[in-house]
Amino acid sequence: MRLDKYLFFTRVVKTRSLAQRIVEGGHVRIDSRPIERAHTDVRPGMVLTFPLNDRVRVLRVEAIPVRRGPAAEAQGCYTDLSPPATG
């Protein structure tokens, strides 16, 4: 599945265009490699790192969603490895 679609389907971002902007801005890393293409494939086991809402998100892909479903379904597709929020 495309990276931008994955971020949208798992409800990490509100719109697919926002996901595309984040990726194409060079702010996303997959397994520590910088990614600049929204069409990069995502597979289970990959670790995504990117800034979002003034913090760094680190997500391990657990499953590929088939649709943009409810939040509980979406959260089952990744494990959040992000450092705790400070403040």
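In what order do the strands form an open sheet?

**View 1. The open sheet of the predicted model.** The order is β2-β1-β3-β4-β5, with antiparallel pairing among the 5 strands. At the edges lie β2 (33–35) and β5 (78–80), each of which pairs on one side only. From one strand to the next, the twist averages 30°. Strands are DSSP runs (E, at least two residues), as helices are (H or I, at least four), numbered from the N terminus; two strands pair if DSSP finds at least two bridges between them.

**View 2. Strands β3 and β4.** These antiparallel strands are joined by 6 bridges. Leu48 stands opposite Leu59 in β4. In the loop between β3 and β4 lies Asn53, whose phi is positive, near 55°. Asn53 is exposed, with 67% relative accessible area (exposed is over 50%, buried under 20%, partly exposed in between; 1.4 Å probe, protein chains only).

**View 3. The largest nonpolar core.** This core has 21 residues, and Leu3, Leu7, Val12, Leu48 and Phe50 have the most contacts inside it. Such a core is a set of buried Ala, Val, Leu, Ile, Met, Phe, Trp, Tyr and Cys residues joined through side-chain atoms within 4.5 Å. Elements giving two or more residues include α1 (3–9) and β3 (47–52). Beyond four places in sequence, the contacts of Phe50 (heavy atoms within 4.5 Å) include Leu7, Val12 and Leu59.

**Note.** Residues are numbered from 1 along each chain as its sequence is written. In this predicted model, local features need pLDDT of at least 70 and side-chain atom pairs count only at pLDDT 80 or more, while totals for chains, interfaces and linings use all residues; side-chain values use heavy atoms, leaving out hydrogens and water.

Technical notes. Axes fitted to C-alpha atoms, helices over the stretch in contact; angles between N-to-C directions.
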